[in-house]
Number of protein chains: 2
Amino acid sequence: MKAPIDFYFDFASPYAYFLADALDELARRHGRVVHWRPLMLWAVLKEHGMAPPLEHAVKRAYMLQDMDRSARHYGKAFRLPTSFPLSSHLPARVFYHLQAQDGALALRFARQVFSAYFTQEANIADATAIQDIGASCGVAREVIAAGLADGSAKETLRQVIAEAQARGVFGSPFVFIDGEAYFGADRLPQIEAALARAD
Amino acid sequence: MKAPIDFYFDFASPYAYFLADALDELARRHGRVVHWRPLMLWAVLKEHGMAPPLEHAVKRAYMLQDMDRSARHYGKAFRLPTSFPLSSHLPARVFYHLQAQDGALALRFARQVFSAYFTQEANIADATAIQDIGASCGVAREVIAAGLADGSAKETLRQVIAEAQARGVFGSPFVFIDGEAYFGADRLPQIEAALARAD
């Protein structure tokens, strides 16, 4: 039984969205499971004393262009959301709430969050928008509301953030395979090579 | 006649070393010329108020591992130099001094600087080491000494740094093709796609 792949990411990270499906597909081909670990990147960076990726104007200007180009490169529909960047604590909480009951459902919800945020202008910092996304996965609005208020999901999220800090995560997406770290959607070819070597 | 490719880089940047030959080869295949533009990344970042890439311990730890892995990925011999990081103003000055006389010689010197620094432990912040590198390209030690003291080469370097800042460079390697920016050796597949589209 091969070790699972740990996938730390922020729901508001375009590069995480670009990587997610490709990572799942690679894992499937190489007999691995991907553990999705949503977190708020700003919380991890704050602990490390690091600036958010879009803080510097010159880097921001580059990234806005690079995001569009990278979306085409990875074959993903993409429109930079009007509400960008934002804090992704709401979908992260709901994810851990759903995961405690049904892992497959939590993953469907997560994929729908990415798609709604990056292709349909959903404001994922808004509770009603999260309920709409839940509804499109067949989750009742009151289940989502319970997730948003779930202290245990909040605690899981806090633990994931602490764990990510301890493991040296400083960006999104940040992937661990057999103890080795890979930062960025652009590490996909190196991830593929690592999985093939370990087969 | 297609527009040249501008290649801004720091001689002390492993990722610039990983990209350089592949970029030249791609350019050749697509009928383009690469303009090598060495600079000191620290000088560019200082102007932008940005931190050097290795300032944060957590990022440094990741990059040290990523450099070794990326060297294998790009098929490049690589050993992290004992003298790393360092200021690369000496080889940059000599490059612009040689370029004013013989562009092809300047390129041979530049490739030799990368190779000596990243595979042979040459300390490229040391004038004697730069003279040794020059000698291995058939350049007399007094020509290198003249380059190190050349006020005009120093002025060219200052201008390249100012030009890079104005164009939004904030890392190494940083490539411009037909007005579009590509940051990092990992943008090689996107560079290749852009060159193919423009053919």
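Modeller: Let's start with a term: a polar contact is a pair of N or O atoms within 3.5 Å; within protein, one must be able to donate a hydrogen and the other to accept it, and residues adjacent in sequence count only if both atoms are side-chain atoms. This is a predicted model, where local features need pLDDT of at least 70, side-chain atom pairs count only at pLDDT 80 or more, and totals for chains, interfaces and linings use all residues. Side-chain values use heavy atoms, without hydrogens and water, residues are numbered from 1 along each chain as its sequence is written, and chains are lettered from A and ligands numbered from 1 in the order in which they are written.

Biologist: What makes the link between the side chains of B:Lys76 and B:Asp21 a polar contact?

Modeller: These side chains are joined at 2.8 Å, and the limit is 3.5 Å.

Biologist: Why does B:Lys76 count as buried?

Modeller: Buried means under 20% relative accessible area, exposed over 50%, partly exposed in between (1.4 Å probe, protein chains only). B:Lys76 has 18% relative accessibility, so the residue counts as buried. Among the residues B:Lys76 touches are B:Tyr17 and B:Phe18, contact meaning heavy atoms within 4.5 Å.

Biologist: How do you know that β3 and β4 of chain B pair?

Modeller: Pairing takes at least two bridges found by DSSP, and β3(B) and β4(B) have four, in the antiparallel sense. Strands (E, at least two residues) and helices (H or I, at least four) are DSSP runs, numbered from the N terminus.

Biologist: What makes β2 and β4 of chain B edge strands?

Modeller: In the open sheet, ordered β2-β1-β3-β4, β2 and β4 of chain B each pair on one side only.

Key. Lists of a residue's contacts leave out its neighbours within four places in sequence.
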